[in-house]
Amino acid sequence: VGLAGFFPQSFGSVLRRCEIAERRVNVGVVGLGMGRAHIRSFRACSHNDIVAVCDIDECKAAETAEEFGIPRYYTNHEEMLALPELDAVVVVVPNHLHAPIAIDALQARKHVLCDKPMANDLDSAKMLYDAAVESKCKFLMGMNNRFRGDAAVLRRFIDEGDLGRIYYSKVQWTRRCGIPGMGGWFTTKDQAGGGPLIDLGVHMIDLALWLMGFPRPYSILGATYAEFGPKGKGGWTYSEPGGGCCDVEDLASGFIRFANGASMFVESSWAQHCEAEKIQVELYGSDGGATLEPLRVFKEEYEVPVDVAPDYEKITAHKALAAHFIDCILNDAEPLATAAEGLAVMRIIDAIYRSAETGKAIVVE
Ligand SMILES: NC(=O)c1ccc[n+]([C@@H]2O[C@H](COP(=O)([O-])OP(=O)(O)OC[C@H]3O[C@@H](n4cnc5c(N)ncnc54)[C@H](O)[C@@H]3O)[C@@H](O)[C@H]2O)c1
(Lines give C-alpha, C1' and ligand atoms only; values in the text may rest on other atoms or scores of the structure.)
Protein backbone atom coordinates (compact mmCIF):
# COMPACT_ATOMS: atom_id res chain seq x y z
CA VAL A 1 0.00 0.00 0.00
CA GLY A 2 1.48 3.31 -1.01
CA LEU A 3 1.76 6.07 1.53
CA ALA A 4 1.30 8.84 -1.00
CA GLY A 5 -0.77 11.54 0.59
CA PHE A 6 -1.08 9.70 3.87
CA PHE A 7 1.20 10.38 6.83
CA PRO A 8 2.26 12.60 8.42
CA GLN A 9 1.18 15.59 6.32
CA SER A 10 -2.04 13.96 5.23
CA PHE A 11 -3.44 13.33 8.72
CA GLY A 12 -4.99 16.77 8.25
CA SER A 13 -6.12 15.93 4.75
CA VAL A 14 -7.77 12.70 5.94
CA LEU A 15 -9.84 14.76 8.32
CA ARG A 16 -10.51 17.39 5.64
CA ARG A 17 -11.74 14.70 3.26
CA CYS A 18 -14.01 13.41 6.04
CA GLU A 19 -15.43 16.90 6.44
CA ILE A 20 -16.51 16.79 2.81
CA ALA A 21 -18.41 13.56 3.45
CA GLU A 22 -21.69 14.23 5.20
CA ARG A 23 -22.25 10.80 6.69
CA ARG A 24 -21.03 9.76 10.12
CA VAL A 25 -19.92 6.22 10.91
CA ASN A 26 -21.75 4.36 13.68
CA VAL A 27 -19.20 2.24 15.51
CA GLY A 28 -19.58 -0.65 17.97
CA VAL A 29 -16.77 -2.00 20.14
CA VAL A 30 -16.57 -5.66 21.21
CA GLY A 31 -14.31 -6.34 24.21
CA LEU A 32 -13.87 -3.66 26.84
CA GLY A 33 -10.33 -4.05 28.12
CA MET A 34 -8.17 -2.40 25.46
CA GLY A 35 -11.50 -1.65 23.78
CA ARG A 36 -11.92 1.25 26.21
CA ALA A 37 -8.74 2.83 24.78
CA HIS A 38 -10.21 2.40 21.27
CA ILE A 39 -13.37 4.20 22.44
CA ARG A 40 -11.23 7.16 23.57
CA SER A 41 -9.39 7.18 20.22
CA PHE A 42 -12.62 7.20 18.20
CA ARG A 43 -14.01 9.88 20.50
CA ALA A 44 -10.97 12.01 19.69
CA CYS A 45 -11.78 11.76 15.95
CA SER A 46 -14.58 13.40 14.01
CA HIS A 47 -17.29 11.83 11.84
CA ASN A 48 -18.12 8.85 14.00
CA ASP A 49 -20.32 7.94 16.93
CA ILE A 50 -19.83 4.98 19.23
CA VAL A 51 -23.39 3.69 19.28
CA ALA A 52 -22.90 0.37 21.10
CA VAL A 53 -20.45 -1.63 23.19
CA CYS A 54 -20.36 -5.34 23.95
CA ASP A 55 -18.66 -7.45 26.60
CA ILE A 56 -19.61 -10.82 28.09
CA ASP A 57 -19.04 -9.15 31.44
CA GLU A 58 -22.33 -7.26 31.84
CA CYS A 59 -21.00 -4.95 34.57
CA LYS A 60 -18.14 -3.84 32.33
CA ALA A 61 -20.49 -3.30 29.40
CA ALA A 62 -23.01 -1.31 31.46
CA GLU A 63 -20.34 0.76 33.26
CA THR A 64 -18.51 1.56 30.01
CA ALA A 65 -21.74 2.58 28.29
CA GLU A 66 -22.60 4.85 31.21
CA GLU A 67 -19.11 6.34 31.55
CA PHE A 68 -18.90 7.26 27.85
CA GLY A 69 -22.59 8.05 27.34
CA ILE A 70 -23.01 5.24 24.79
CA PRO A 71 -26.70 4.53 24.08
CA ARG A 72 -26.63 0.69 23.99
CA TYR A 73 -24.70 -2.14 25.55
CA TYR A 74 -24.76 -5.88 24.87
CA THR A 75 -23.35 -9.08 26.32
CA ASN A 76 -23.68 -10.95 23.01
CA HIS A 77 -21.94 -9.66 19.88
CA GLU A 78 -24.52 -11.24 17.54
CA GLU A 79 -27.25 -9.14 19.12
CA MET A 80 -25.10 -6.04 18.67
CA LEU A 81 -24.46 -6.94 15.02
CA ALA A 82 -28.24 -7.08 14.42
CA LEU A 83 -28.43 -3.34 15.13
CA PRO A 84 -29.37 -1.91 11.68
CA GLU A 85 -27.70 1.48 12.18
CA LEU A 86 -24.36 -0.09 13.11
CA ASP A 87 -21.80 0.47 10.31
CA ALA A 88 -18.55 -0.75 11.79
CA VAL A 89 -17.12 -2.90 14.56
CA VAL A 90 -13.86 -2.82 16.50
CA VAL A 91 -12.87 -6.34 17.60
CA VAL A 92 -10.78 -6.21 20.78
CA VAL A 93 -11.43 -9.54 22.47
CA PRO A 94 -9.02 -12.33 23.49
CA ASN A 95 -7.06 -13.60 20.46
CA HIS A 96 -9.04 -16.82 19.84
CA LEU A 97 -12.22 -14.76 19.38
CA HIS A 98 -10.81 -12.32 16.80
CA ALA A 99 -11.56 -14.52 13.77
CA PRO A 100 -15.04 -15.78 14.76
CA ILE A 101 -16.33 -12.36 15.84
CA ALA A 102 -14.70 -10.49 12.93
CA ILE A 103 -16.14 -13.05 10.47
CA ASP A 104 -19.61 -12.66 12.02
CA ALA A 105 -19.28 -8.89 11.67
CA LEU A 106 -18.16 -9.05 8.03
CA GLN A 107 -21.02 -11.45 7.24
CA ALA A 108 -23.41 -8.99 8.91
CA ARG A 109 -22.00 -6.39 6.46
CA LYS A 110 -20.16 -4.35 9.04
CA HIS A 111 -16.73 -2.82 8.43
CA VAL A 112 -14.13 -4.34 10.77
CA LEU A 113 -11.12 -2.99 12.63
CA CYS A 114 -9.52 -6.11 14.11
CA ASP A 115 -6.90 -5.66 16.80
CA LYS A 116 -3.69 -7.69 16.55
CA PRO A 117 -2.92 -10.54 16.15
CA MET A 118 -5.22 -11.47 13.25
CA ALA A 119 -6.10 -14.71 15.09
CA ASN A 120 -4.70 -17.18 17.60
CA ASP A 121 -3.63 -19.63 14.86
CA LEU A 122 -2.97 -19.79 11.14
CA ASP A 123 -6.13 -21.73 10.20
CA SER A 124 -8.38 -19.15 11.86
CA ALA A 125 -6.40 -16.34 10.22
CA LYS A 126 -6.96 -17.98 6.81
CA MET A 127 -10.71 -18.16 7.47
CA LEU A 128 -10.79 -14.49 8.42
CA TYR A 129 -8.73 -13.60 5.34
CA ASP A 130 -11.26 -15.44 3.12
CA ALA A 131 -14.17 -13.64 4.79
CA ALA A 132 -12.45 -10.26 4.34
CA VAL A 133 -11.74 -10.95 0.66
CA GLU A 134 -15.34 -12.07 0.04
CA SER A 135 -16.82 -9.10 1.91
CA LYS A 136 -17.57 -5.76 0.30
CA CYS A 137 -16.83 -4.13 3.66
CA LYS A 138 -13.52 -2.63 4.78
CA PHE A 139 -11.18 -4.74 6.88
CA LEU A 140 -8.34 -3.02 8.72
CA MET A 141 -5.77 -4.81 10.89
CA GLY A 142 -5.13 -2.81 14.07
CA MET A 143 -1.40 -2.48 13.47
CA ASN A 144 -1.16 0.80 15.36
CA ASN A 145 2.64 0.98 15.25
CA ARG A 146 2.52 1.69 11.51
CA PHE A 147 0.61 4.87 12.39
CA ARG A 148 3.37 6.30 14.58
CA GLY A 149 4.85 9.57 13.35
CA ASP A 150 8.40 8.16 13.38
CA ALA A 151 7.38 5.08 11.38
CA ALA A 152 5.67 7.25 8.75
CA VAL A 153 8.79 9.45 8.38
CA LEU A 154 11.06 6.41 8.12
CA ARG A 155 8.77 4.91 5.48
CA ARG A 156 9.14 8.18 3.53
CA PHE A 157 12.97 7.96 3.71
CA ILE A 158 12.77 4.34 2.50
CA ASP A 159 10.34 5.17 -0.33
CA GLU A 160 12.71 7.95 -1.47
CA GLY A 161 15.53 5.37 -1.63
CA ASP A 162 17.69 6.62 1.25
CA LEU A 163 18.37 3.10 2.55
CA GLY A 164 18.80 1.48 -0.87
CA ARG A 165 18.08 -2.27 -0.85
CA ILE A 166 17.18 -3.38 2.70
CA TYR A 167 18.90 -6.73 3.23
CA TYR A 168 18.79 -7.24 7.00
CA SER A 169 16.51 -6.26 9.87
CA LYS A 170 16.47 -6.87 13.60
CA VAL A 171 13.27 -6.48 15.60
CA GLN A 172 12.87 -6.66 19.32
CA TRP A 173 10.16 -6.20 21.92
CA THR A 174 11.54 -7.54 25.15
CA ARG A 175 10.57 -7.02 28.77
CA ARG A 176 12.29 -7.76 32.03
CA CYS A 177 9.17 -8.55 33.98
CA GLY A 178 5.92 -8.17 32.04
CA ILE A 179 3.83 -11.31 31.64
CA PRO A 180 0.30 -9.91 31.22
CA GLY A 181 -2.73 -11.39 33.00
CA MET A 182 -0.84 -14.32 34.53
CA GLY A 183 -3.12 -17.36 34.65
CA GLY A 184 -5.73 -15.77 32.38
CA TRP A 185 -6.30 -15.98 28.61
CA PHE A 186 -2.99 -14.23 27.75
CA THR A 187 -1.00 -17.16 29.20
CA THR A 188 -3.31 -19.92 27.94
CA LYS A 189 -2.21 -21.29 24.54
CA ASP A 190 -5.70 -22.39 23.44
CA GLN A 191 -6.91 -18.81 23.76
CA ALA A 192 -3.88 -16.62 23.06
CA GLY A 193 -2.13 -18.87 20.52
CA GLY A 194 1.21 -18.20 22.18
CA GLY A 195 3.09 -15.78 24.42
CA PRO A 196 5.12 -12.64 23.68
CA LEU A 197 5.77 -13.56 20.04
CA ILE A 198 2.08 -13.38 19.10
CA ASP A 199 1.39 -10.58 21.60
CA LEU A 200 4.32 -8.16 21.15
CA GLY A 201 6.54 -9.61 18.42
CA VAL A 202 3.56 -9.42 16.04
CA HIS A 203 3.73 -5.59 16.16
CA MET A 204 7.44 -5.41 15.38
CA ILE A 205 7.41 -8.11 12.68
CA ASP A 206 4.53 -6.29 10.98
CA LEU A 207 6.26 -2.92 11.25
CA ALA A 208 9.56 -4.18 9.82
CA LEU A 209 7.82 -6.12 7.02
CA TRP A 210 5.83 -3.02 6.09
CA LEU A 211 8.99 -0.90 6.01
CA MET A 212 10.73 -3.60 3.92
CA GLY A 213 7.82 -3.85 1.43
CA PHE A 214 6.52 -7.21 2.68
CA PRO A 215 9.15 -9.53 1.10
CA ARG A 216 8.04 -13.17 0.76
CA PRO A 217 9.48 -15.43 3.49
CA TYR A 218 10.72 -18.88 2.47
CA SER A 219 12.63 -20.36 5.41
CA ILE A 220 12.03 -19.75 9.12
CA LEU A 221 13.86 -20.96 12.22
CA GLY A 222 12.59 -20.40 15.76
CA ALA A 223 13.19 -21.20 19.41
CA THR A 224 10.98 -20.59 22.45
CA TYR A 225 11.60 -20.75 26.20
CA ALA A 226 9.40 -20.72 29.31
CA GLU A 227 11.68 -20.04 32.27
CA PHE A 228 9.43 -17.69 34.27
CA GLY A 229 5.70 -18.15 33.67
CA PRO A 230 5.36 -21.83 34.63
CA LYS A 231 7.09 -20.97 37.95
CA GLY A 232 4.60 -18.14 38.56
CA LYS A 233 7.35 -15.54 38.04
CA GLY A 234 7.77 -12.62 35.63
CA GLY A 235 4.27 -11.13 35.85
CA TRP A 236 3.41 -7.43 35.68
CA THR A 237 3.36 -6.05 39.19
CA TYR A 238 -0.36 -5.47 38.77
CA SER A 239 -1.14 -9.01 37.53
CA GLU A 240 -3.16 -11.48 39.50
CA PRO A 241 -0.67 -13.36 41.66
CA GLY A 242 0.55 -16.72 40.23
CA GLY A 243 -1.75 -19.72 39.77
CA GLY A 244 -3.86 -20.58 36.75
CA CYS A 245 -2.61 -21.70 33.39
CA CYS A 246 0.67 -20.61 31.86
CA ASP A 247 1.49 -22.90 28.93
CA VAL A 248 2.98 -20.31 26.54
CA GLU A 249 6.57 -19.17 26.03
CA ASP A 250 8.04 -16.19 27.87
CA LEU A 251 10.79 -15.68 25.27
CA ALA A 252 10.84 -16.40 21.53
CA SER A 253 13.50 -15.83 18.91
CA GLY A 254 13.29 -16.34 15.18
CA PHE A 255 15.31 -15.99 12.01
CA ILE A 256 13.50 -15.43 8.72
CA ARG A 257 15.01 -15.71 5.25
CA PHE A 258 13.13 -14.00 2.44
CA ALA A 259 12.98 -14.94 -1.23
CA ASN A 260 14.64 -11.63 -2.20
CA GLY A 261 17.74 -12.52 -0.16
CA ALA A 262 16.93 -10.33 2.84
CA SER A 263 16.66 -11.71 6.38
CA MET A 264 15.16 -10.70 9.72
CA PHE A 265 16.07 -11.53 13.31
CA VAL A 266 13.17 -11.42 15.80
CA GLU A 267 13.35 -11.42 19.59
CA SER A 268 10.35 -11.08 21.84
CA SER A 269 9.88 -11.67 25.54
CA TRP A 270 7.57 -10.96 28.44
CA ALA A 271 10.25 -11.84 30.99
CA GLN A 272 14.01 -12.20 30.81
CA HIS A 273 16.97 -11.07 32.89
CA CYS A 274 17.65 -7.91 30.86
CA GLU A 275 18.09 -4.28 31.91
CA ALA A 276 14.78 -2.81 30.76
CA GLU A 277 12.01 -3.06 28.19
CA LYS A 278 13.23 -2.60 24.61
CA ILE A 279 11.01 -1.88 21.61
CA GLN A 280 13.14 -1.57 18.53
CA VAL A 281 13.35 -2.02 14.79
CA GLU A 282 16.75 -1.88 13.05
CA LEU A 283 17.03 -1.88 9.27
CA TYR A 284 20.21 -2.27 7.25
CA GLY A 285 20.29 -1.35 3.56
CA SER A 286 22.86 -1.05 0.80
CA ASP A 287 22.86 2.77 1.07
CA GLY A 288 21.83 3.38 4.68
CA GLY A 289 20.58 1.97 7.94
CA ALA A 290 17.87 3.10 10.35
CA THR A 291 16.46 2.55 13.83
CA LEU A 292 13.07 3.25 15.31
CA GLU A 293 12.88 4.39 18.91
CA PRO A 294 14.78 6.61 18.55
CA LEU A 295 14.34 7.38 14.85
CA ARG A 296 17.80 7.64 13.30
CA VAL A 297 19.01 7.18 9.74
CA PHE A 298 22.66 6.24 9.24
CA LYS A 299 24.17 7.18 5.89
CA GLU A 300 27.41 8.09 4.23
CA GLU A 301 27.89 11.47 2.60
CA TYR A 302 31.14 12.50 0.89
CA GLU A 303 32.60 9.24 2.31
CA VAL A 304 31.80 10.48 5.82
CA PRO A 305 29.34 8.58 8.10
CA VAL A 306 26.36 10.83 8.82
CA ASP A 307 23.65 10.28 11.46
CA VAL A 308 20.29 11.87 10.64
CA ALA A 309 17.79 12.50 13.44
CA PRO A 310 14.57 13.40 11.59
CA ASP A 311 11.91 15.43 13.33
CA TYR A 312 8.41 14.01 13.23
CA GLU A 313 4.90 14.71 14.46
CA LYS A 314 4.20 13.04 17.81
CA ILE A 315 0.79 11.78 16.75
CA THR A 316 -1.13 9.28 18.85
CA ALA A 317 -0.98 6.07 16.84
CA HIS A 318 -4.32 4.69 18.04
CA LYS A 319 -6.08 7.95 17.20
CA ALA A 320 -4.49 7.92 13.74
CA LEU A 321 -5.62 4.30 13.33
CA ALA A 322 -9.20 5.26 14.22
CA ALA A 323 -9.12 8.27 11.86
CA HIS A 324 -7.82 6.04 9.06
CA PHE A 325 -10.60 3.48 9.64
CA ILE A 326 -13.24 6.23 9.41
CA ASP A 327 -11.53 7.59 6.29
CA CYS A 328 -11.54 4.14 4.65
CA ILE A 329 -15.28 3.83 5.23
CA LEU A 330 -16.36 7.38 4.34
CA ASN A 331 -14.01 7.96 1.43
CA ASP A 332 -13.65 4.39 0.15
CA ALA A 333 -9.90 4.49 0.87
CA GLU A 334 -7.72 1.37 0.85
CA PRO A 335 -6.90 0.16 4.38
CA LEU A 336 -3.22 0.66 5.22
CA ALA A 337 -2.94 -2.71 7.02
CA THR A 338 -4.75 -5.42 5.05
CA ALA A 339 -6.04 -8.93 5.73
CA ALA A 340 -3.37 -10.29 3.35
CA GLU A 341 -0.66 -8.61 5.43
CA GLY A 342 -2.22 -9.83 8.68
CA LEU A 343 -2.12 -13.36 7.25
CA ALA A 344 1.50 -12.96 6.09
CA VAL A 345 2.52 -12.00 9.64
CA MET A 346 0.57 -14.98 11.04
CA ARG A 347 2.41 -17.36 8.66
CA ILE A 348 5.71 -16.17 10.12
CA ILE A 349 4.53 -16.50 13.72
CA ASP A 350 3.11 -19.95 13.03
CA ALA A 351 6.40 -21.07 11.41
CA ILE A 352 8.50 -19.77 14.34
CA TYR A 353 6.33 -21.78 16.76
CA ARG A 354 6.45 -24.91 14.57
CA SER A 355 10.22 -24.62 14.17
CA ALA A 356 10.61 -24.21 17.94
CA GLU A 357 8.61 -27.41 18.45
CA THR A 358 10.38 -29.50 15.83
CA GLY A 359 13.87 -28.00 16.03
CA LYS A 360 13.87 -27.72 12.24
CA ALA A 361 13.69 -24.81 9.81
CA ILE A 362 10.22 -24.46 8.30
CA VAL A 363 9.96 -23.90 4.58
CA VAL A 364 7.02 -21.57 3.94
CA GLU A 365 4.95 -22.14 0.78
N1 LIG B 1 -2.79 -2.85 19.70
C2 LIG B 1 -2.51 -2.69 20.96
O3 LIG B 1 -1.77 -1.79 21.36
C4 LIG B 1 -3.12 -3.62 21.98
C5 LIG B 1 -2.91 -3.41 23.34
C6 LIG B 1 -3.51 -4.29 24.24
C7 LIG B 1 -4.27 -5.36 23.78
N8 LIG B 1 -4.43 -5.54 22.44
C9 LIG B 1 -5.23 -6.69 21.93
O10 LIG B 1 -6.58 -6.49 22.34
C11 LIG B 1 -7.18 -7.74 22.58
C12 LIG B 1 -7.80 -7.73 23.97
O13 LIG B 1 -6.77 -7.54 24.92
P14 LIG B 1 -7.08 -6.87 26.34
O15 LIG B 1 -5.78 -6.48 26.93
O16 LIG B 1 -8.12 -5.82 26.17
O17 LIG B 1 -7.69 -8.11 27.11
P18 LIG B 1 -8.69 -8.04 28.37
O19 LIG B 1 -8.75 -9.42 28.90
O20 LIG B 1 -8.30 -6.92 29.26
O21 LIG B 1 -10.08 -7.62 27.72
C22 LIG B 1 -10.79 -8.48 26.87
C23 LIG B 1 -12.28 -8.24 27.08
O24 LIG B 1 -13.01 -9.02 26.16
C25 LIG B 1 -14.16 -9.51 26.85
N26 LIG B 1 -14.67 -10.69 26.15
C27 LIG B 1 -14.25 -11.96 26.21
N28 LIG B 1 -14.99 -12.75 25.43
C29 LIG B 1 -15.92 -11.96 24.84
C30 LIG B 1 -16.98 -12.20 23.94
N31 LIG B 1 -17.24 -13.40 23.44
N32 LIG B 1 -17.73 -11.13 23.56
C33 LIG B 1 -17.50 -9.91 24.06
N34 LIG B 1 -16.51 -9.63 24.93
C35 LIG B 1 -15.71 -10.63 25.31
C36 LIG B 1 -13.66 -9.80 28.25
O37 LIG B 1 -14.72 -9.88 29.19
C38 LIG B 1 -12.76 -8.62 28.48
O39 LIG B 1 -13.45 -7.53 29.05
C40 LIG B 1 -6.10 -8.80 22.44
O41 LIG B 1 -6.21 -9.42 21.21
C42 LIG B 1 -4.81 -8.02 22.52
O43 LIG B 1 -3.78 -8.61 21.74
C44 LIG B 1 -3.89 -4.69 21.55
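Reply: The account below starts with the strands, goes on to their loops and ends at the ligand.

This is a predicted model, in which local features need pLDDT of at least 70 and side-chain atom pairs count only at pLDDT 80 or more, while totals for chains, interfaces and linings use all residues. Residues are numbered from 1 along each chain as its sequence is written, and side-chain values use heavy atoms, leaving out hydrogens and water.

Strands (E, at least two residues) and helices (H or I, at least four) are DSSP runs, numbered from the N terminus. Two strands pair if DSSP finds at least two bridges between them. An open sheet is built from nine strands, in the order E14-E13-E12-E11-E7-E10-E9-E8-E15, with mixed pairing. Strand E14 (304-308) and strand E15 (362-363) are at the edges; each has a single partner strand, so one side of each has no neighbour in the sheet.

Strands of a sheet pair through backbone hydrogen bonds, in a parallel or an antiparallel sense. Strand E7 (residues 166-174) pairs with strand E11 (residues 278-285) in the antiparallel sense, over eight bridges. Here Ser169 is opposite Leu283 in E11. E7 is also joined to E10, by six bridges, and these two run parallel. In that pairing Tyr168 stands opposite Ser263 in E10. Strand E10 (residues 263-269) in turn pairs with strand E9 (residues 251-258) in the antiparallel sense over seven bridges, and Ser253 faces Glu267 in E10.

The loop between strand E12 (289-292) and strand E13 (296-301) holds Pro294. The peptide bond from Glu293 to Pro294 is cis, with omega near -5 degrees. Glu293 lies in the loop between E12 and E13 too, and has a positive phi of about 65 degrees although it is not a glycine. Most residues other than glycine have a negative phi, and most peptide bonds are trans.

Another cis peptide bond runs from Lys116 to Pro117, with omega near -10 degrees. Pro117 is in the loop between strand E5 (111-115) and helix H6 (122-134).

The ligand is surrounded by 22 residues, the closest being Met34, Asp55, Lys60, Asn95 and His98; a residue is near if one of its heavy atoms lies within 4 Å.
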